Each structure stands twice: as C-alpha cells, then as structure tokens.
Amino acid sequence: MATTLDRKGTFKVEYLQKIEKEIQSQWESEKIFEIDAPTGSKKRPDEKFFTTFPYPYMNGRLHLGHTFSLSKCEFAVRYYRLKGRRCLFPFAFHCTGMPIKACADKLKREMEEFGNPPQFPTDIKVKDVVEESSIIIDKSKGKKSKAMAKSGGLKYQWQIMQSLGLSDEEIEKFADTAYWLEYFPPLAKQDLKRLGIHVDWRRSFITTDANPFYDSFVRWQFIHLKERNKVKYGKRHTIYSPKDGQPCMDHDRSTGEGVGPQEYTLIKMKVLEPFPEKIKSLKGKAVYLVAATLRPETMYGQTNCWIRPDSRYIAFETVNKDIFICMQRSARNMSYQGYTTEEGNVNVLLELTGQDLIGAALKAPLTSHDRIYALPMLTIKEDKGTGVVTSVPSDSPDDYAALVDLKKKQAFREKYGVTDAMVIPFDPIPIIDVPEFGKLSAVTAYEKLKIQSQNDRDKLQEAKEMVYLKGFYDGVMLVGEYKGKKVQDIKKDLQKTLVEKKEAVIYFEPEKQIISRSGDECVVALCNQWYLDYGNEEWKSIVNKALEDMNTYHDEVRKNFSATLSWLHEHACSRTYGLGTKLPWDESWLIESLSDSTIYMAYYTVAHIVQGGKIRPEEMTPEIWDYIFFKSAPLPKSSISTDLLKKMKQEFEFWYPVDVRCSGKDLIQNHLTYFIYNHCAIWPDDERKWPKGVRANGHLLLNSAKMSKSEGNFLTLSEAIEKFSADGMRLCLADAGDSVEDANFVESMADAGILRLYTFIEWVKEVLASISSFRKGPWNSFTDPVFISEMNMKTRQADDFYEKMLFKEALRVGFFEMQAARDTYRELSQWEGGMHADLVLRFINLQALLLSPICPHVSDYVWKLIGEKESILKSKWPEVGEIDEILIKSSAYLMDTAHTFRLCLKNFIQQKKKGGGGKKSGPIAPTPVENPTHGIVWIAKSFPPWQTVVLTTMANMLKGNEKLPENKVISAELNAKPELKKYAKRVMPFVQAVREKMALIGVRALSLTLEFSEMDVLLKNKTYLANTLDLEEIQFKYTDDEQVDEKLKEDCCPGGPFITFFSKPSVSINFINPVPSSGLFTCSVPIGDGDNVEKVVSRLIKNNKSIKDPKLVELWHYEDPEMGARKMPLFNNYTQGKVLISNSSSFVVNTDKNEIFLMTGGTKTKLGQPVTYLLK
C-alpha cells in the first residue's frame, strides 16, 4: 500500500522555492528560452536539437504522470543546450476529441435533470465495473476504467468538477465547451512555468477550430493525405450499439470509455461423426466449434479444446451455411460482422449446454493429431471470447495445468463422461522454442513455480507473464511451413493462411464490456467511415525503413514498434461528435484526436509567426503551407510579405526533423506509430524530414502503487511542486527510472533529494566564506590527482548517459557519485593540509554544470554564488581533462582496503573482549579493552601457487565466451589438476569468491597482478590509514619473507592485503588539569618505552577532544616524584613544586616494575604520578 510522506517541517522546501522564483524571474526577464532559427542554411545536422512531447489533453490539471514523461524532453533540451546546440522544446495543449464535449454535455443534462446547482439523489450508490481479461495486462493498471480512476469513483460530472476545487458558479460555465479551452490551458502553462520548463512559449497553441491557424494546418495535412490515397472511405470494425443503431463513441458509454475492438482469429474445429446426442439433428452439415484466439501460431500444439459444462451455447447458421457453435454473446457480435444473412439476426438452430458438447471428437487445424476432444474446464469466462477455448499445453500454463489435473483426477473425468482415451494419450507438443524456457515453455514455467493445480491462479498468472511476451518476441517456430522463423514475424502470415484455407475467420469483439447510455451491451460492427489505410503495404514498408534509421533508445521499444506494424491496419480518422477540425471534403465529419496530432511538430516551427498578429487565418492557404513545408514548392502569390514567408520556411528547414519525441510506452501502439506513418506520407521524398528518435518510458508509480484519486494516491503537478519544490521533484523524477518498465516516484526519496540540494547549497556558501583557509600551491602526490581524475571521469560518464537519455544514471554519476568523490577527497586530504582551494572551486563549477539539466534552479543559483555573471544556460558543457584510470583504481583500492581494515580492527577488539574463554557464571563486569596501538600491513606480491592455478584456469575458460561456465564444469576441470588435490576443500569456495568479485569489477578479478604498486599507494596514505584505524604507528611488509607464517601468506593476495594488530607494552599514568571550570578532566594515558612528548600529548588529546592545538599543551611533573603528590597544592599556583617537561624529552619505561623515567639531555629522572597538563 502506498504511504504518503509525513514531514516535520517545510523550511528546506520553502528555501528551494524561494530560489526557484528568483531564478525563474531572471529567465523570464532575459527571455532565455525564446530561440529562432539562424539566418542562412543549416551547417550540419547536429547544429540543433528539437524535442517534443505529446500535447496533453485539457480536461483537467497536469499530474505527475504527465510530468515524468515530459521531463525526458526537459532534461535533454538543457543538456544539448550546454553542448552548444540551438535547442527547441515547444509545448501545446490538445482539445480535440470527445471528452471535453461529452463532459460539457453531461453538465447540461445534469442541470436539466437535477437543477442548478444540481440536487442529486442520495440513495444511488456508485458501483465500479470490474472487468477481467485473459490477455496479460500491466498489473499496475488495476481493474478500474480510466475514467473511473480519473474521477476518483464519483458518479456525476458536477461532483467531479467539485473535486477539482471549483465553485458551483464556476462549474456552470463548463457546460460551454469553449470555457474548457479558456480555463485549463493557462493553468497548465502556469504549472509548467513553476516547474522551470525550458519552453519557448511563443510557439504554444491549442487545437480544434477554436484556433483557426492550427485548423488550417490540419486541413492542409488531410488534403494531402487524401490526394495521396492515404485516406479512404468504407466499412471497418467499430464499437456499435445495436439498440441505438449507431457507433457508440466514448461519450455515449456509461462504462468502457477508451475501449476499442479486439481482433481474434476464430479457429474452426470441425465436429466429427458420430455427433454427440444433442446435435445429431445437424448430421450432414458442416458443424464447427469456434474458438477465438490471439495466438494462431500455437494451433500446431492443440491437444484438445475446452468447454464450460454449465454454460449455455447455441448452434447457428452462418451466411455460407456453416454451423457455428459458441455462446450467444459472441454470435451476436458475429451477426454485425457479416457472418449472418441478416445483420443483427442470429438464426439459432439449437440451444445447448456445455455438457452436451463434452467428449465431441473434433478435427482441428494445424495440430498433428487426427482428432482431439472437447473436455471440461470450469473457469472459462462467459464475457470473453466464444466460450470455446483451444488448448495448447506446450505454451499455455493454464492449459497445461488443466490437462495435468484432468489426467490425475479420474473422478473428475467420470463426472463429465470423459474417457481415458480422450485425455491420457495427449501430451504437450513442442512447437515453439522460447529462450530460457525451451521447447515446452508452459511446462518449464509450471515446474519452476511449483504450480500444483489450475487453482493456483496467482502462480499461473505469473507463469503467463513469464512466457507469453517472451514467446511472442523471441520464440522461434519448430514446426510447420514457418519453421525456424520468429513468432512475431509470422503471426499475421499464419493467420492469413488459416483464413485462406477456410480453417479460420477473422472475428472482433470489444476488448472489455462496453455498456451504452441506453443500457445496451455494445458489439463490434462493420460500419462506413473515413479511415487512414495504415495497412497499405507500400506505406508500411516506407515506415519500416524510417524505423530502421530511428533511435528508439531501448530494444523493447523497437520490438513494440515492429509488433504494432505487424498487426496495424485501418484507423478511423473521423467522428461525428466532439471538438476538432472538419474534414475538408466532407464537413459532416470531424478529424478525431489521434489523427490531427501526427505532424503538428511542423506547426511548432512557425506557430510564433503565424499566431504573431501579422497574418490572418484566411491568408494561410494550402499553397502557403506547401511553400513552408515542401522544399521545392514555389513562392506563392500572397498578401503575406515575402520576408515573412521566407522566414517561416527558414524556421521549418532549420528545426526539422524532430530529433526525439518523448512519450509513455502505451502510445507506441497508436500515436507514436501514426506519428511515423504521417511524416512518411507528407514527406515521402524527403527522408531528412522523418523523425530521428522516439524515447518511450514506462508508467509512473507513486510510492510503489498506481496513481489513483479514489485511493488518495495522486499528485497533480501543482501539488508536487508545492510539496517538494520544482528541483526536488525534478531530481526524484530523474531518479525514478530510465527503462520502459514502470518507474517509481517515492516521496521519501524526494525529501532526501531536497535535503541533498539544500546541503549542497549551504556547503558551497560555507566553502566560499572560508576559501582563504583552504590549501594552496602545487598538487600533492596522491589525493589531488585522484580527485582531478575522478571529476573528469564523472563528467565523461554523465555526458555519455545524458546523450543516451539515461537520466537516472546521469544523476547517479553526475551528482551522487560526484558528491561521494568530494567526500572521499575531503576524508583523505584532511591529513595532508585539507582540500586544495582550486580543486574545491573546480568541483563546484563542474557540479553545477553536471546537475543543471535536472536541477537548473539550484545549479543557476550556485553558478551565481561562484561569481558567474550570466545564467548557467549560457555556459558550455565542461571539457573532459585527462583521466588516470589506474590512479582511480588505486584510490578505490585504498578505500576498500581501509574499510576492510576497520572491520578487521572491530573483529580484533571483539575477540579480545571475549577473552577466548569458555562460559562464566554469574554477573561479571566487563573488563575495559584497550585498542591496539600498532599495526602491520602484509602485502602479497603474488597469489599462492594453488590460487594462481585456479585463476589461470578460469581465465582460459572465459576466453572467447561471454561468461564463465557453471561451477560444476569448472570443478571438473580443476579436479583434474594434481597440484590442487591438497587444497580440494578450498578450491571451489575460492572459485565462488572470484565469481562474486567478477560481478563487481569484471574480468579484472582474474588478474594475477595489479596495475599499480600496492606498497606505493599504502605508503603514500600511511597517515590516513593510521588515523582511520586510530593507530599510533603502521608498518608495511611483503609476505615473501621466508619467516612469515604460511597461514598469513594464505590470507593475503594481490589486491587483498592483510593486517595484524598489537599494542606496544606500556604503563598508564594519570594526567590531571587542576584549573577549575576548564572542562579538562583527569584521564589515564599509556606511555611506552621510547615515546616522546609529542606522542604522549597526542594520546592525551584523544581523551580530550576540546583541545584543538597540541602546541598549546604543557606537561609538568613533580620535583619530588615520591612526596610531591602528597603535599597540599596552592590555589591559583598550579606549577609550584613541579617541573616543565621539555618537548625534547623522551620516556624510559620498565613494564615489569611499572616504572616510568624521564630522559632529558642525558639525565634520567623518575616520573611520579600524576602528571599535570595545562594549556598556554
């Protein structure tokens, strides 16, 4: 369940919002997003970057889902601007179609029926229509209709408008469609401006004939489509209400908004004689059980068909005298698709139950069996398909589970009169080879998930999700005339073959149940309409050519485009109801919303000119549009000035083609494919105008759940900015996800992002205020060069990810890892005089630039803080300097080694606490354990011989392969080597450890040596290691000494040093500070033989963190070591009877006698207790 954020305070959000307002005001005053094409011809294709996002529909406020998709354009346009390109990201608002008109009409009807303001009945409960489908759908989409999800479950349009915060007086105005066009677009623009979106708003517009310029443009487009024979008139399948006698569009539906026709292949399974008793009257006729399938390619694997015993079926006569047996609902659909003599009239010959058909022998197309049988299945849905289901247990987990159950349960067979001969001999038939699942994908998934029966619905659903899409995209046919070909390539061809052989027909029904406002269940009917002939093979081949040259950024997107092209046929481009542009040649029709939105990106290029007040709508004739958009079109005679016409042509020629269009993946199957089709149709001879790229993303979840108003898990763009600030939200959107899988906007992550941004700004301010105290001069030998290389590498990586539009990755390397690199540099350099001033300033500069596409307000603000006069938008992407990758690896080695050593130290101390002893009874106070003071780091020059053999063998097995073989193969190879027999029990654990290391660092895990000297790296960072381990001294030794213990040698390997800890023998004495209220207390400090004053003072400071400067500490000992401490001290005379210990003195310690002597200038003096310490 989604959880919303419970925030304690809003200071940091308000802090960022204040910055955003300030920066946006500067952008506005500078008109920084307004950009025109330069004069002269385009010098090179990458001189510009033109990106677009499908204009959102204006029947409400923009929400977080819109923002996620458009953010891809936003991040890209800012990145390419830094790369030196002229960049254009225009934005418009869609009003075409039925929803606005339908909502306005609903409000009118509600006011007519219930008054103004309406007084609705209180006894009517809203009931959600739950619609299930056997087709695999995205689980995140839930079961509510889109309209229901948007409305939050409210029944009346007036109530929906009230939920938007509108008053009754305001709502009344929405009964006029024009008011929607006036109300919502300005709000959307206002929200987008608060987001800081890089849009040239001069080019913005709304659609429909309310905008006569855009209306003229769309009419021009369709004139050309008609002239080029792309628009046709005729019968096509559409949703239809028999009761109303007309097509049932979205506005006419009480349920099923947005649902369209679903095409099936209707498989004809001929009933063999002798017929079952109940249909013997049909003897002598061609009788078929007809099954609707989405997977005709699997018919080779049929072993039976399924019938629901308790359902009602009918036998009816078709127009060609065949007898079809199916459910009444599907027969009704067929009667409107030309399968009966009279439209809408089903000639029912028999009424049957499913039980009457159980055991019928059938001849099914393509299967290798001469006959199969109708068998019982109790889970067949009556609201989907024909009630007759083909059974392919090789590739359908449901079918396999049902067949296994039927084979296992004799009593079940006997109950329905099924003989063993109808079931037992039939096993799954291998027909499709699916990568990862083999030749029987359903069986593999069934066994992998340990499915027990057909009642394991959740597991079966998971199994379907595992194999269906994989089978379609990657499956290869094993049988039939298409053997060896991919399923997705032959599906339509196979369907065509079945239809030509009269073994199948094409059948349509609604994807889900649709109920008209008159209470009628809708069907799919063949109706006369204007349509775009997307099935035309010549047109489709051109689109395929365009697709080949396009950047789709993800392979799955390209696959989805190809799959769409394989099934796409006609698309109705006309409606009689709604808002939009009228067809130029038949004004009784409106151009529908998916058809007037295919090449409007071209309109963007000139929108600011045609809508700029110097041109009248009637002046924009088809000849003018031709001149602008067709390179070879002549200059027409016009009242528009020649300069203006040439400027418009120049704008189009410069900005086109579209470099990338960003959208949700759900639009691939319609809008994005139509986008390619229409560009190819309008510019068939100018491939340079065809789209260059489409970047599709998944849906956006909110707190790991689908966004839903009714469940309270929903955020509009305005609410999100208010809650998280623009940059806080933008950072979380970038971090939400890059792939075509669903992304996840997590509010707690957004809050963490806000803290990161706030902390970054405050750190920059602190640094700039104290920059004079930072180290200056030449670079040091290790930490400075490492940091320089790290910054250069992160810059290069971020550049690569931005270019690939992988913004989550760009954010990771360009912000999170940049910050981590700075933190590491700060940690390492604190023992070498701190961070270098020049490098810190360079880091701030780079960080602002790398972050600016995603968080532009914070970046521009920081840019100003470091003294830059102009906006960061006017700067350039940083040049990448030299990258010393070996140095970076050595730094990573150092940090990993330090981390490992800290764990070793922790383990060492814990072992000492345990005392290695057995059990002790009774409560015993824990004995304080002193931390070790010294350490020896052991470094191996090479691996032990047996490990060298293992690594060499693994490296040889990897050669020429993408990955290592399985462990059992490696084990067999290593077991054959006699030199490893002594280490048999240790070999495979070592192999597994190497595998895990390979997962982290790749093939380098198999290297026998490192690319750098471990000794050099550790020696250069000796001070850091000693301090991070809280050791006084650390030594470094190689393990190749003969006297080194063999076990220690085994614990070391190149890249894996080992550390041993010990404490130098010492005697502890008390140090006191007699000054009242000084905050300095008595502490015990160990002193070892040979220690100097500096060492002792450093130990003292560790116990007194308030002492910042060791040079201020003075040590005093008693003149009389025996009696000095027994004498009464004098108030305010803390040094009486004491001698100052010289900084040049050293200590001589006899641990056996627990004695300490002071050695000063050759004189040895006994040191009494306690020692006094004072601050100068």
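**A walk from the cysteines to helix 7**

Cysteine 527 counts as buried, at 11% relative accessibility; buried means under 20% relative accessible area, exposed over 50% and partly exposed in between, with a 1.4 Å probe and protein chains only. Bear in mind that this is a predicted model, where local features need pLDDT of at least 70, side-chain atom pairs count only at pLDDT 80 or more, and totals for chains, interfaces and linings use all residues. Residues are numbered from 1 along each chain as its sequence is written, and side-chain values use heavy atoms, leaving out hydrogens and water.

Let's stay with the sulfurs. The structure has zero disulfides, a disulfide being a pair of cysteine sulfur atoms within 2.5 Å. For cysteine 527, the nearest cysteine sulfur belongs to cysteine 522, 11 Å away. What about cysteine 662? Its closest cysteine sulfur, in cysteine 73, sits 3.5 Å away, so that pair is too far apart for a bond. Cysteine 662 is buried too, at 0% relative accessible area.

Now on to helix 7, residues 177–195. Helices (H or I, at least four residues) and strands (E, at least two) are DSSP runs, numbered from the N terminus. Helix 7 has 19 residues and reaches 28 Å from first C-alpha to last, close to the expected 27 Å, which is 1.5 Å times one less than the number of residues.

Several residues of helix 7 are buried, including Trp180, Phe184 and Leu192. Trp180 and Leu192 are also among the residues with the most contacts inside the largest nonpolar core, which has 117 residues. Such a core is a set of buried Ala, Val, Leu, Ile, Met, Phe, Trp, Tyr and Cys residues joined through side-chain atoms within 4.5 Å. Leaving aside neighbours within four places in sequence, tryptophan 180 is in contact (heavy atoms within 4.5 Å) with residues including Met58, Ile100, Leu107 and Phe174.

Aspartate 200 is buried, at 1% relative accessible area. Its side chain makes polar contacts with those of arginine 202, at 2.7 Å, and arginine 203, at 3.1 Å. A polar contact is a pair of N or O atoms within 3.5 Å; within protein, one must be able to donate a hydrogen and the other to accept it, and residues adjacent in sequence count only if both atoms are side-chain atoms.
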